Amino acid sequence: MIKALTLAAALALTAVPAAAQGKLTPAEARVVAAAGREQARSEALLEKLVNVNSGTMNLAGVEEVGRMMRAELEPLGFQVQWIPKPQTGRAGHLVATHKGAGRGKRMLLIGHLDTVFEPDSPFQKYVKKSPTVAEGPGAGDMKGGLVVMLAALRAMQAAGTLKDADITIVLTGDEERPGRPLDAARAELLKAADQSDVALEFEGLAQEGGKDMGSIARRSSGQWTVEVTARSGHSSGVFSQGAGDGAIYELARILDAFREELREPNATFNPGLVLGGATAEVNALATGGTATGKTNIIAAKAIAHGDLRTLSNAQTERIREKMRAIVARPLNGAEAKISFQDGYPAMPPTEGSRALLNELNAVNRDLGLPQMAELDPLKRGAGDIAFVAGKVDGLIGLGPGGSGSHAPGETVDLSTFERQTKRAALLMTRLSQSR
């Protein structure tokens with residue numbers, strides 16, 4: 001959860017001292033001034049976007065948000081395509097391109113159109129709670145990020161720096177619940193990365209202790225399932241050579257061995273669903289299931305469904321091998337197997353991404369804003385930028401601050417819009433002019 005700043009702290013961070021402005025070129029000063037005029041328009045657009053339900057499985061709603069983004073991007077000179085994704089069971093993606101003079105870095109801007117809040121959620125509407133806080137489904141994750149992205153691009157256009165920028169924007173329609181197969185679901189994102197030099201992701205700003213943080217790494221997010229079958233029989237025979245220990249004891253052994261043997265820095269693994277008994281079956285979405293049994297019957301089946309998060313794909317494979325080895329030594333009378341489902345890959349920190357953070361901190365210096373320390377990747381969830389981490393260096397968290405994402409009551413800190421817009425617009429202006 002990202003904590004919102006107090007109003008006083010936010011105003012202090014947003015202010016740009018005149019002395020700092022003197023370090024800007026005339027064009028950059030125009031960019032910053034234009035970014036500072038975007039607040040009212042940004043808040044109005046945010047309300048409109050949030051009030052369109054775009055839960056991942058609400059395909060029509062995701063498409064509608066895509067149309068709203070198209071209407072904002074085309075006047076800025078972007079060529080916009082909607083790429084439907086019927087093969088993955090999702091709405092599709094929006095891809096927008098702006099060809100510049102070719103003198104600077106080719107930028108890939110990443111965001112998503114969907115939210116976790118489907119039409120049956122009771123949390124549906126934008127509400128401004130105070131001058132600096134608004135509440136709504138996806139207000140922070142990540143419709144606020146879409147708004148900051150647009151505001152930064154409009155500031156660049158107003159200042160005359162957008163015309164030279166080579167930018168591709170990919171807004172996925174299924175970031176919160178990716179379609180399958182993943183290679184089809186992320187084909188456009190991967191293609192765009194092949195034609196880019198840097199990636200900028202506009203999900204929410206991370207903050208710690210009232211300080212804005214720089215983010216250059218994200219952990220992976222994958223799933224695993226352990227299924228155990230065992231001889232059943234009367235409970236009076238449990239532990240005997242003939243009857244064995246049963247499926248639940250075997251599953252408990254496996255999970256405890258995971259806890260004891262797999263722990264290492266930057267890795268977590270969590271069994272989120274466990275079922276066991278005479279019968280056990282997980283539902284199609286792996287969100288629950290059914291089990292039957294009696295105290296006097298040795299359990300014949302047990303299932304655990306969990307996740308695995310790591311900081312590198314090599315770490316993922318290393319831990320998976322250890323999990324397989326643990327599963328392969330079953331208790332008497334039981335058989336176990338483990339399967340894995342790929343999700344988001346890892347985005348480990350790189351020197352190239354740290355160099356990008358240094359460029360962002362040069363922007364902060366020239367805006368009179370505090371330097372941004374590097375965020376611990378354990379404090380950042382998985383995201384789309386990780387799919388392209390092996391192709392381009394990247395920065396995460398160019399959207400606004402907020403709190404409570406993925407839960408009713410999610411908020412966005414409106415006071416962060418101005419400084420995030422200025423940061424993004426000035427950073428993109430500089431990237432568009434340097435190789």
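Modeller: First, what I mean by a pocket: on a 1 Å grid over the protein atoms alone, it is an open set of points with protein on both sides within 12 Å along at least five of seven lines, and a lining residue has an atom within 4 Å of a point. Keep in mind that this is a predicted model. With that, the second largest pocket has 15 lining residues, and N313, R320, D342, Y344 and P345 are the ones nearest its centre. Two or more lining residues come from each of β10 (221-230), α10 (313-327) and β15 (334-344). Helix α10 gives the largest share, four residues. By type, the lining splits into seven polar, five nonpolar and three charged residues. As for volume, the pocket holds about 220 Å³ of space.

Now for the other bits. S353 sits in helix α11 (residues 351-367) and is buried, at 2% relative accessible area. A polar atom of the S353 side chain lies 3.0 Å from the backbone nitrogen of G394. Leaving out residues up to four places away in sequence, S353 touches I216, M347, D393, G394 and L395.

There are also four aromatic pairs in the structure. One of them is F117 with F123: the ring centres are 5.2 Å apart and the planes at 70°, so this pair counts as edge-to-face. F117 is buried at 5% relative accessible area, and F123 is buried at 8%. Another pair, F239 with Y249, is tilted, with 5.3 Å from centre to centre and 50° between the planes. Here F239 is exposed at 52% relative accessibility, while Y249 is partly exposed at 47%.

Notes:
Residues are numbered from 1 along each chain as its sequence is written. This is a predicted model: local features need pLDDT of at least 70, side-chain atom pairs count only at pLDDT 80 or more; totals for chains, interfaces and linings use all residues. Side-chain values use heavy atoms; hydrogens and water are left out. Buried means under 20% relative accessible area, exposed over 50%, partly exposed in between (1.4 Å probe, protein chains only). A polar contact is a pair of N or O atoms within 3.5 Å; within protein, one must be able to donate a hydrogen and the other to accept it, and residues adjacent in sequence count only if both atoms are side-chain atoms. Contact means heavy atoms within 4.5 Å. On a 1 Å grid over the protein atoms alone, a cavity is a set of points where a 1.4 Å probe fits but cannot get out, and a pocket is an open set with protein on both sides within 12 Å along at least five of seven lines; lining residues have an atom within 4 Å of a point. Grid points are joined across faces, edges and corners, and a volume is the space filled by probe spheres set on the points. Ala, Val, Leu, Ile, Met, Phe, Trp, Tyr, Cys and Pro count as nonpolar, Asp, Glu, Lys and Arg as charged, and the others, Gly among them, as polar. Rings of Phe, Tyr and Trp (its six-membered ring) pair if their centres lie within 6.5 Å; planes under 30 degrees apart count as stacked, over 60 as edge-to-face and the rest as tilted.
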